[in-house]
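This report describes a complex of two protein chains, starting with the fold of one chain and ending with the contact between the two. The sequence and structure are shown first.

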Amino acid sequence: MGRTADAVVVGGGIQGVAVAYQLASRGLKPLLVEQEYLASGSTGRCAAGVRQQWGTEMNVLLARASIKMFERMEEELEYPRGIEFKQRGYLILAYHERQWDQFLRNVALQRSLGVPVEVLSPEGAREIVPYLSLEGVVGATFCPEDGHINPFRAVEAYAQAAVRLGAEVWTFTRVTGVRVEGGRVVGVRTSRGDVSTPVVVNTAGPWSDRVAEMAGLHIPTYAQRHQILVTEPVGPVQGPMVISFCHGLYCQQTPHGSFIMGLGDPHEPRNLDCGATWRFLEEMAAIVTKMLPPLAQLRVVRQWAGSYDMTPDAQPILGPAPEVEGCYYSVGFSGHGFMLAPMTGKLLAQVIAGEEPDLPIGRLGPDRFARGDLILEPSVV
Amino acid sequence: MPGGQATAGGEDRVVICRCEDVTLQEIRRLIGEGVHTLDEIKRLTRAGMGLCQGRTCRHLILQEVSRLTGVPVEELSLPTFRPPTRPVKLGVIVRAGGERHG
């Protein structure tokens with residue numbers, strides 16, 4: 001009766017497929033369950049930028065390793081369609097002195113960990129993006145290895161490779177319960193029937209708190225909307241992603257030629273709303289055309305929204321749940337999960353398989369909030 | 001497919017999405033791989049993501065999914081409609097905002 005799996009992965013975004021692939025490559029037979037289609041949640045809605053310019057050692061290390069893995073991904077996963085990895089850098093702009101001091105500390109940290117990052121004057125920034133307005137710009141940092149990837153393709157690449165290695169993927173299937181007996185996971189209930197398993201991996205993104213609750217667990221994650229738009233495609237004019245933490249803005253030209261841009265809004269309510277608003281369109285247009293004036297000529301073809309899966313310190317929760325044996329988290333990425341997924345998927349699979357992880361991830365455990373040991377990342381949009 | 005083996009119907013030359021240059025062959029190959037929703041086909045091929053936002057190709061792809069899976073067109077779901085209704089320049093949005101806020 002019923003079926004069994006070595007692990008059930010709940011959520012078919014980039015975290016879920018990366019963990020499923022890494023488990024399958026260690027000889028386990030995971031079952032990935034996704035409520036809609038793969039990448040239908042936050043992954044498929046994200047801007048899919050990847051950068052190593054972070055302000056905490058943990059993020060720099062995770063991002064650096066992940067970029068190395070993205071570079072080899074098509075080959076490793078034998079993916080013929082291509083993940084469209086464009087490595088033309090991230091140009092991060094500083095608009096006041098205090099922020100500039102923070103940037104210089106970040107650069108020292110990044111360089112100490114092997115990230116090739118350059119410190120630029122405003123004029124130096126304009127050599128990289130010639131139509132950049134320098135109004136208010138104090139300086140900039142630039143890492144040429146950062147870039148952009150097609151998130152749908154990356155997810156498909158991982159999923160296909162996982163299935164070839166023996167993983168199973170159930171799309172359009174809901175997980176409705178997690179069965180816990182004597183403090184251990186014994187199975188999950190789904191809309192396609194019960195599955196016996198000793199391991200449940202929560203990769204549910206903005207639904208992460210609800211999936212945790214199914215196992216009687218509480219984690220301090222919450223969903224928050226972020227809006228984004230895309231323009232018509234034009235010839236290649238902008239190499240790097242341009243970011244300003246002051247404005248909460250990012251803007252990138254994809255290899256396809258379209259510009260993708262978004263704007264963070266700290267006042268967004270905490271829920272799963274993915275509606276698009278006129279107000280976002282107006283604020284986005286006003287700020288981006290001041291910063292990158294020629295973009296005023298580009299036509300917006302589509303706007304949409306996705307949910308960040310937030311934690312109180314904007315850092316992921318990665319590792320085992322201390323209260324229930326067999327329950328694992330890879331959640332709470334707070335808007336930068338796509339770019340960290342190759343490495344976080346590997347680390348979590350190593351922990352689940354009983355291997356020594358490549359990096360110590362104990363500090364990313366869910367118990368840090370009770371201890372007050374938060375990892376505050378200064379560089380988030 | 002590399003090598004471009006033409007099929008009897010010449011489907012590799014039939015363009016279904018004119019904005020993003022997606023051929024009937026690509027659509028049929030994905031459906032054959034088990035990709036049966038318009039949402040997924042759109043995201044993997046960009047069919048329907050161009051300037052016309054799928055006004056031309058949406059129904060052609062629906063018919064193709066229906067024909068190859070046996071599911072009636074009425075039972076297939078359409079991708080989410082996303083604003084703006086027509087492409088609009090960022091500069092025009094800024095001017096409209098300026099006028100509204102005086």
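The model is predicted.

**Chain A**

Eleven helices and 20 strands make up the secondary structure of chain A. Along the principal axes, the C-alpha atoms of chain A fill a box of roughly 65 × 40 × 40 Å.

**The four-stranded sheet**

One open sheet in chain A has four strands in the order β1-β12-β11-β10, with mixed pairing. Its edge strands, each pairing on one side only, are β1 (3-4) and β10 (175-181) of chain A. Six bridges join β10(A) to β11(A) in the antiparallel sense. Within this pair, Val180(A) has Val185(A) in β11(A) as its bridge partner. β10(A) and β11(A) form a hairpin with two residues between them, and Gly182(A) in the turn has a positive phi of about 60°. Strand β11 (residues 184-190) of chain A also pairs with strand β12 (residues 193-196) of chain A, antiparallel and over four bridges. There, Gly187(A) stands opposite Ser196(A) in β12(A).

**The sheet that includes chain B**

A second open sheet has nine strands, in the order β6(A)-β7(A)-β5(A)-β15(A)-β16(A)-β17(A)-β14(A)-β18(A)-β3(B), again with mixed pairing. Its edge strands are β6 (118-120) of chain A and β3 of chain B, each of which pairs on one side only. Strands β16 (residues 249-253) and β17 (residues 259-263) of chain A run antiparallel and are joined by five bridges. In this pair, Gln253(A) stands opposite Phe259(A) in β17(A). At the chain B end of the order, strand β18 (residues 299-310) of chain A pairs with β3(B) in the antiparallel sense over two bridges. Val300(A) stands opposite Val88(B) in β3(B).

| Strand pair | Bridges |
|---|---|
| β10(A) and β11(A) | six bridges |
| β11(A) and β12(A) | four bridges |
| β16(A) and β17(A) | five bridges |
| β18(A) and β3(B) | two bridges |

**The contact between the chains**

How many residues does each chain bring to the contact? Chain A brings 33 residues and chain B brings 28 residues. About 2800 Å² is buried between chain B and chain A, and carbon and sulfur atoms give 59% of this area. Arg43(B), Leu44(B) and Leu90(B) supply 24% of the area that chain B buries against chain A, more than any other three residues.

Two salt bridges are counted between chain B and chain A. In one salt bridge, the side chains of Glu33(B) and Arg81(A) meet at 3.0 Å, N to O.

On the side of chain B that touches chain A, the elements giving two or more residues are α1 (24-32), α2 (38-45), β3 (88-89) and α4 (90-101) of chain B. Of these, α4(B) gives the most, with seven residues. By class, this side of chain B has eleven nonpolar, six polar and eleven charged residues.

Definitions and conventions
Residues numbered from 1 in each chain as written. Chains lettered and ligands numbered in written order. Predicted model: local features only at pLDDT ≥ 70, side-chain atom pairs only at ≥ 80, totals over all residues. Heavy atoms only, no water. Contact = heavy atoms within 4.5 Å. Buried area = accessible area lost by both parts, 1.4 Å probe. Salt bridge = Lys/Arg side-chain N within 4 Å of Asp/Glu carboxyl O. Nonpolar A, V, L, I, M, F, W, Y, C, P; charged D, E, K, R; others polar. Pairing = 2+ DSSP bridges.
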